[in-house]
Every structure is written in C-alpha cells, then in structure tokens.
Amino acid sequence: MAGFKHLVVVKFREGAAVEEILKGMEKLVSEVDAVKSFEWGQDIEGQEMLRQGFTHAFVMTFDKKEDYTAFVSHPSHVEFSATFSTAIEKIVLLDFPSVLAKAPA
C-alpha cells in the first residue's frame, strides 16, 4: 500500500472565483501536517463527451486513513469546505487506500 488518497474532481459554477479557491486550497493543505502531498490540475486535453463538464482534479495523499479522518475534521478544512462547496456545480469524491503499481523514477 502507498498511503491513503483523497481524489476530488469538480466542475466549478460559472463565475466562481477559481483562482481564489485554488490559493485557499493550497493554504489549507500547508496548514495541516496530516496532508503528505497535494496535487491539482485543470483539464486541457479531455474530450467534452468524456469529461462530462468536469474541469479540475485534486489529489491529496495521507500516510493512513486515520490521517485523512483527522484532516476532514480539522477546523481549517471545515471552514474551507463551506467556501469550496458553494463554488461547485458538480463533484466526484473518491477516498481510497492506494496501491503503488509503479514508483516514480
């Protein structure tokens, strides 16, 4: 096993302050030690039919599920979630123990 992952795929509402939300998310993960790594990206290649309107993906890595649980209840996360959720039109969340099939070079 290679830790525990929190994957979020979203479509932001039209007019949402995406840049501010991204900065807020980066600030959030820097404040919570349980988050071991954080990556995000915006789709630039996906065919509309396949991406179904989703535009951004976020991946957080934790050492174990208990660290993710602590993150979810952290006051900074609770506060940020209120702002984040109002900007979202569609969302998919997956939380899973990850299996490392090929290590980074």
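Q: Where is Ile44 found?
A: Ile44 is found in the loop between β2 and α2 (48-51). Helices here are DSSP runs of H or I with at least four residues, strands are E runs of at least two, and both are numbered from the N terminus. Before we go on: this is a predicted model, where local features need pLDDT of at least 70 and side-chain atom pairs count only at pLDDT 80 or more, while totals for chains, interfaces and linings use all residues. Residues are numbered from 1 along each chain as its sequence is written, and side-chain values use heavy atoms, with hydrogens and water left out.

Q: Why is Ile44 called exposed?
A: Its relative accessibility is 73%, and exposed means over 50% (buried is under 20%, partly exposed in between, with a 1.4 Å probe and protein chains only). So Ile44 counts as exposed.

Q: What makes His6 count as buried?
A: His6 has 8% relative accessibility, so it counts as buried. His6 is found in strand β1 (residues 4-12), and it touches, among others, Phe58, Tyr68 and Leu93, leaving aside residues up to four places away in sequence. Touching, or contact, means heavy atoms within 4.5 Å.

Q: What joins the side chains of His6 and Asp95?
A: A polar contact of 2.4 Å. The term covers a pair of N or O atoms within 3.5 Å; within protein, one must be able to donate a hydrogen and the other to accept it, and residues adjacent in sequence count only if both atoms are side-chain atoms.

Q: How do you know that the span of helix α1 agrees with its 14 residues?
A: The expected span is 1.5 Å times one less than the number of residues. For α1 (residues 18-31) that should be 20 Å, and the end C-alpha atoms are 20 Å apart, so the two agree.

Q: Which residues of α1 are buried?
A: Val18, Ile21, Leu22, Gly24, Met25, Leu28 and Val29. They cover an arc of only 160° around the axis, so they sit on the same side of α1; the arc is taken from the directions from the helix axis to the C-beta atoms. On the other side of α1, Glu19, Glu20, Lys23, Lys27 and Ser30 are exposed.

Q: What do the buried residues of α1 pack against?
A: They pack against β1, β2 (37-42), β3 (56-62), α3 (65-73) and α4 (75-86).
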